[in-house]
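Student: I'm new to this one. Could you walk me through it with a few questions and answers?

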There are 2 protein chains.
Amino acid sequence: MKATIVTIGDEILIGQIIDTNSAFIAKSLDKIGIDIHEVISISDSRDHILATLKYLQNQVELVVITGGLGPTKDDITKKTLCDYFEDELVVNEQVLAHVTELIEGFYKRPISQINKDQALVPSKATVLHNKVGTAPGMWLKKENTVFVSLPGVPYEMKYLIENEVVPKVVREYKRPFIIHKTVLTYGQGESLVAERIEAWENNLPEFIKLAYLPSPGRVRLRLSARGTDEQVLQNAIEENVDSLSKIIGDIIVGYDENETLEVILGRLLTKNKMTVSTAESCTGGKIAQLLTSIPGSSVYFKGGVVSYATEVKTEILKVPQELIEKYSVVSREVAIEMALGAQKLLQTDYVIATTGNAGPEKGDSPAEVGTVFIALATPNPAPNNIICEEFHFGQPREKVIDRAVNTAFEMLQKEILKNLL
Amino acid sequence: MKATIVTIGDEILIGQIIDTNSAFIAKSLDKIGIDIHEVISISDSRDHILATLKYLQNQVELVVITGGLGPTKDDITKKTLCDYFEDELVVNEQVLAHVTELIEGFYKRPISQINKDQALVPSKATVLHNKVGTAPGMWLKKENTVFVSLPGVPYEMKYLIENEVVPKVVREYKRPFIIHKTVLTYGQGESLVAERIEAWENNLPEFIKLAYLPSPGRVRLRLSARGTDEQVLQNAIEENVDSLSKIIGDIIVGYDENETLEVILGRLLTKNKMTVSTAESCTGGKIAQLLTSIPGSSVYFKGGVVSYATEVKTEILKVPQELIEKYSVVSREVAIEMALGAQKLLQTDYVIATTGNAGPEKGDSPAEVGTVFIALATPNPAPNNIICEEFHFGQPREKVIDRAVNTAFEMLQKEILKNLL
C-alpha cells in the first residue's frame, strides 16, 4: 500500500513554520507497513488543492491531508474536497453536539456560527471523530484512492492518526511487513564508516536497504527490510546487524531508532541506581531540560544550577574568585570547580558542568568563540573523581550549544559504561 | 519567479527525521520575492528522482534540491542529475583541492577514494563552492528551469543558500516584491479573533492575503502583500495593520514575524536594564535554556536553579520543609517560596518559578497530572512583589512543559509592560 502525505498551508511554503506533522504521520504509517511515496506541501489555494488531488488520484492508495480545516476564512480544504467529490456539505449532528459541548461546556462561551460551521462535512465522508478539538477528520474514497483529511493542529492530528486513521487502515487493508533497525555510532565520520563497512554493505541481500544518517559527531546506520514473511526479515536483519557489530563494534553506542542519548542515559542511570545533576554555563539549562524531558527522570535527575553570571559560579557553586581571575571563566579549572561544587551542593553521583563561549561575541573571557570546557564529576576516588575536556565547536551559537550538550552526554555515557565494566 | 523545493532521502519519508532544511530554504527564497510553489520529499531512488525532475521541468523556474550528495552509497543525486542532463561526471580541480585540504589539513587523515569522488561533478554544472564541507553545490539549467543541488547537512546547505544561491538569483533574475507582516496576539482563540476582525478582513485589498496561525494560547495573523511597487505594498500593509490594531489592540503583543517571546523579553529587559533568573521544577531548565538561546542574554539573565528533587527546593531555594509537607511540592505556596528564594539567592529583579506535575505519572504530590503553578517575583514592594497562578495543561508531558514555559513568558512580559506604564 502506497501513501502520499499532503500538507496544506502557506505558512510552510514561506518557511514560517517547520512541517513536523508529516514526520509524525510518516512514522505512524511506516510502522504498519505502508510505503510513503511522497510528502508534499502546497498552498491553501483552491486550484492548487484540486490539481494535487487530481495528480494523486490512483497514483497512491492513501492520501493523508493535514491543514486547512480550522474555523477561519483561510481554511478551504473542506470546501475544495466537496468540489472534488462533487458533493455537498451537510451538518453532522454528532460533530455539532461535540463542538457545542466543547465551546459551551469547556470554554464557557456561547457557540458562534463559525463554530457551528465546523460540523459541516461532505455527505459522502466518513467522519473521524476528533475528541480533542473542534475540526473533525474525514475519510473519503474515490476509485482506488482514499483521501483522509485531518486538522493541522499537531495534537489533534496526532489524536486522529493514532485513534482513527491507523486502526481503520489496519482493519481494512492488507500490508507487507517493514522492519527498520538503526545502529547508532559515534566518533567517526560518514566516509570513514562507509570505508570500514564497504564489503559488508556490498553483501547485503536485495530486500535490505541501508541508509547513512550523519549528524555532528555521529552517524546512524539504518537497515530497512521489506517483504511478506516477517520472520525471514527479522532473521536477516539480526544476522546482518550481528556481522556489522563485529566490524564496527568499537563505535556502536546503541540500536534503537528513536533512542536519543538522554533516553539511553536515563535507562543506564535508573538501572544502576545512580543520580546526576548539572552545573551549566554556556549550555544555559539545555542539559537539564533534555534530561527532564524523559518521563520518570526524577528518579535519577536531582537538579541543576544554571550559572550564567560569574557571581552565580562563585556564590552558589563556590568556584574560587581567584581561580576565575587567574584562568578566566572559560577554563578547565573553572569547569572542574563547577562540577565539584555542584556535586557537593546537590549530592549526586555524577555532575555535568559546562563553561564556554557560545558566541557570536567574545564574552568575559579571552577564550575564542566556540570554545567549551566540559567537566564530569564522578563517584570514583581521586584523581578519577573528575574528568575535563576542551572543545572548539566553531559557530553558530546554536551549533556550539547543541554540540556541547551532545558531547557532554557522550562523556557521561562513556564514563558510566566504564564504571560498570 | 516560481520555485519548488525537493528533499531527497528515505529518512524523511519514514518519519525518522523532520525536514527543517526546506523551511530554511523557503524563508530565504521568499525574502527575495520568489514564490514557493511546492515542497516535495521523495525517496533516494533513481527512478523517483528522474520522474520528479521531469515533472518539475518548465513547471517552475527554480528547483532547489537537498540531500543525496554525501560520500556514501545511498547518495545518488549527483549520478541521477548527470543522467537527466545527459552529461558525464568530471573532476573539478578546485573542489578536489578543497576536499584534500579539509581531510588532510583539518581532519589529519589520508584522503580516500570516497573523499576524492566528491570532487566529481557533471561537466555542465556551475559549481557552488562549499567552504564548510566536502560536497559541492551544483547549478544546472535546462530549458526554462534551473536545478540547484545542495548537500543535506543543515549547516552546509545554509552556507550555500546564503553565500551562493541567493546572491546568484538576485544578480541574475527579476522578481516581484513580497512583504509579510505578522501580528502576534494572545489570550483568545482563532474563531473568536476571526469574529472580531471579520469586517476588517472582508475589506482587505485583493493583493493582501491573510493567514491565521494558531498555537496553544496564541494566534498569529500574517498579512502578505505581493506586487511590483514596493512602496504601495508597504503603505497598504501599514494602513491595514493600523486599522487592525484599533480593533484588537487589547490582545496584540508584537509585530515581528520571527519574534519569539524570549526575543521580545530579551529586548524589554535589556532596554530597561532589568535582570531575570529562574527556579524551575517541572519545566526542568527549559525556561533558562530558551532565555539563554538569545545572543547577548548574559546582560539580563543571571542564572537559575533547576530544583527537581524536593531537597534542592529546601536546601538551595530555602523553601520551608513544613510548607511542602502541608501543601505538597505542587502548590501555590511552594511556587511562591521558590521564586522568593531564588530572588534572594540570585539577586535579580524578576524570577520565574515553576512547580507542577508534567506527567505521565502522578508524582510526590496529590496534584492532578498537568497541574502547574507559575510564580513571578517582581521588583515591586509587597504585596505586589509576587504573583502566582495555577494552570491545568492536561497531557502529554511535552505539551505541559511547553505551555508552562509559554505562559511563564507571557506573565513576565505582561508584568514588565505593566511596570513600564
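This is a predicted model: local features need pLDDT of at least 70, side-chain atom pairs count only at pLDDT 80 or more; totals for chains, interfaces and linings use all residues.

Student: Over how many bridges do strand E9 and E12(A) of chain A pair?

Tutor: Strand E9 covers residues 177-186 of chain A. Leu184(A) stands opposite Gly254(A), which lies in E12(A). The two strands run in the antiparallel sense, and the number of bridges is two.

Student: Which strands stand at the edges of that open sheet?

Tutor: The sheet has four strands in chain A, paired antiparallel in the order E10-E11-E9-E12. An edge strand has a single partner, so one of its sides is left without a neighbour in the sheet. Here those are E10 (208-215) and E12 (252-254).

Student: Which residue is the bridge partner of Val39(A) in E2(B)?

Tutor: Strand E2 of chain A, residues 35-42, is joined to E2(B) by three bridges, and the two run antiparallel. In E2(B), the partner of Val39(A) is Ser41(B).

Student: What is the area buried between chain B and chain A?

Tutor: Contact means heavy atoms within 4.5 Å, and 85 residues of chain B touch 85 of chain A that way. Buried area is the accessible area (1.4 Å probe) that two parts lose on being put together, summed over both. Carbon and sulfur atoms give 58% of the total, which is about 6,900 Å².

Student: How many salt bridges are there between chain B and chain A?

Tutor: A salt bridge needs a side-chain nitrogen of Lys or Arg within 4 Å of a carboxyl oxygen of Asp or Glu. Asp44(A) and Lys209(B) make one, with their closest N and O atoms 3.5 Å apart. Between the two chains the count is six.

Student: How many residues apart are Asp35(A) and Arg226(A)?

Tutor: Their side chains meet in a salt bridge, at 3.5 Å from N to O. Asp35(A) sits in strand E2 and Arg226(A) in strand E11 (residues 218-227), both of chain A. The pair links distant parts of the chain, and the separation in residues is 191.

Note on methods. Residues are numbered from 1 along each chain as its sequence is written. Chains are lettered from A and ligands numbered from 1 in the order in which they are written. Side-chain values use heavy atoms; hydrogens and water are left out. Two strands pair if DSSP finds at least two bridges between them.
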